[in-house]
Amino acid sequence: MRAAAAVLCLAVPALASEDIADQYPGSLLYSKPVEVIPHVWSAIGATAPPTYENSGHNNNLSFIVTGDGVVVINGGAAYLLAQALHDEIKTITEEPVKLVIDENGQGHAMLGNSYWAEQGVPILAHIDAAREIEENGHRSLESMKRYNRDKAEGTVVAPPTRTFEDTEIIEMGDFRIEVLHLGPAHGPGDTQVWLPEQSLVIAGDMAFHERMLPIFEDTVVLDWIETWECCFEALGATYVIPGHGHPTNIAQVRRYTRDYLIYLRGQIGAHLEAGGDLADAYYVDQSPYAHLDTFEELSTRNAGRVYEQMEFE
């Protein structure tokens with residue numbers, strides 16, 4: 001019955017809005033954790049940029065209650081935010097948290113490691129994410145302190161205690177958990193958590209659908225598309241918990257991730273063929289995606305970065 005309810009929940013699109021500052025005022029979490037499928041939970045973050053109001057909880061903080069311990073996916077954006085997630089976990093289960101997995105090296109995935117490390121919980125990240133934390137972690141910390149102010153209390157940069165390169169298999173309780181690095185995508189060390197028996201993937205920043213994806217300076221769009229086509233879709237997941245936004249399915253994240261990247265390359269390609277320059281490339285037509293949250297913040301920047309990548313192809 002609970003599984004059927006989860007399927008029904010995923011079949012009906014949940015509304016998200018970057019205009020809602022906080023959906024769970026009683027906690028630093030932006031929203032209360034929901035059970036996506038039996039024993040797999042996620043506290044869905046804001047689809048807006050990180051702010052004091054959302055406490056930096058603008059990504060998804062997920063966890064698996066395995067029957068022999070809890071596995072948390074994402075350290076969170078700050079010590080106090082990770083503590084708030086742990087408080088919620090304790091209301092759901094008496095099982096201890098036995099592992100934290102960082103989905104990448106960005107601040108909102110790893111700055112809360114400082115709380116989990118203090119609890120003695122091992123922290124796992126891809127080797128490239130660990131390098132990103134080592135090189136840029138303190139910059140992420142200072143950025144978080146600027147918007148989070150007093151909510152940054154207790155946060156320090158705590159690196160992962162374990163790393164992996166391609167795949168790490170975790171057998172815990174009733175779950176086989178495959179921690180995967182499928183290839184280059186959104187940023188260094190992008191990590192997916194695949195539950196083959198449940199046909200659910202916690203996709204991290206491989207997949208977006210309610211907010212516009214950002215293209216960073218080190219994001220190679222062609223590589224992201226290739227990783228998607230060769231490996232991510234090949235998982236055959238029924239359920240997808242993306243890095244940002246509500247749980248959904250492959251069709252939705254394909255539409256707003258892979259298809260968007262291909263669409264934007266097509267628009268920039270046509271612009272280049274017409275002799276267009278960078279100044280005008282920022283304003284190529286992206287109207288089919290204008291309804292997505294963070295469109296205003298990211299669309300022109302994305303176009304400029306794709307232009308720079310394609311200019312000399």
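## Charges over a ring

The charged end of lysine 151 sits over the ring of tyrosine 52, at 4.1 Å from the ring centre, where a charge counts as sitting over a ring if NZ of Lys or CZ of Arg is within 6 Å of the ring centre and within 35 degrees of the ring normal. Arginine 149 also lies over the face of tyrosine 52, and the table gives both distances.

| Charged residue | Ring | Distance to ring centre |
|---|---|---|
| Lysine 151 | Tyrosine 52 | 4.1 Å |
| Arginine 149 | Tyrosine 52 | 4.0 Å |

This is a predicted model, in which local features need pLDDT of at least 70 and side-chain atom pairs count only at pLDDT 80 or more, whereas totals for chains, interfaces and linings use all residues. Residues are numbered from 1 along each chain as its sequence is written, and side-chain values use heavy atoms, with hydrogens and water left out.

## Aromatic pairs

A search of the whole structure finds nine aromatic pairs, a pair being rings of Phe, Tyr and Trp (its six-membered ring) with centres within 6.5 Å, called stacked if the planes are under 30 degrees apart, edge-to-face if over 60, and tilted for the rest. One of the pairs joins tyrosine 260 and tyrosine 289 edge-to-face, with 4.9 Å centre to centre and 70 degrees between the planes. Because tyrosine 260 lies in helix H7 (residues 250-273) and tyrosine 289 in the loop between helix H8 (278-281) and helix H9 (295-310), this pair ties together parts that are 29 residues apart in sequence. Helices (H or I, at least four residues) and strands (E, at least two) are DSSP runs, numbered from the N terminus. Tyr256, Tyr260, Tyr263 and Tyr289 form one aromatic cluster.

Helix H2 (residues 79-92) has 14 residues and reaches 20 Å from its first C-alpha to its last, close to the 20 Å expected at 1.5 Å a residue, the expected span being 1.5 Å times one less than the number of residues. The buried residues of H2, among them Tyr79, Leu85 and Glu88, pack against strands S2 (40-43), S3 (61-65), S4 (70-73) and S5 (97-101) and against helix H4 (113-118).

Glutamate 88, found in helix H2, has a relative accessible area of 9% and is therefore buried. Glutamate 88 touches Tyr24, Leu29, Lys32 and Pro33, not counting residues up to four places away in sequence, where contact means heavy atoms within 4.5 Å.

Histidine 126 lies in strand S6 (residues 123-126) and is buried, because its relative accessible area is 3%. Not counting residues up to four places away in sequence, histidine 126 touches Phe164, Glu165, His181, Gly189 and Thr191.

## The largest pocket

About 880 Å³ of space lies in the largest pocket. On a 1 Å grid over the protein atoms alone, a pocket is an open set of points with protein on both sides within 12 Å along at least five of seven lines, and lining residues have an atom within 4 Å of a point. Of the 31 residues that line the largest pocket, the closest to its centre are Gln106, Gly107, Ser140, Ser143 and Phe216. Helix H3 (107-110), helix H5 (127-148) and H9 are the elements that give two or more residues to this lining, and H5 gives the most, with eight residues.

Key. Buried < 20%, exposed > 50% of the residue type's maximum accessible area, 1.4 Å probe, protein only. 1 Å grid on protein atoms, 1.4 Å probe; cavity = no way out; pocket = protein on both sides within 12 Å on 5 of 7 lines; lining within 4 Å. Points joined across faces, edges and corners; volume = space filled by probe spheres on them.
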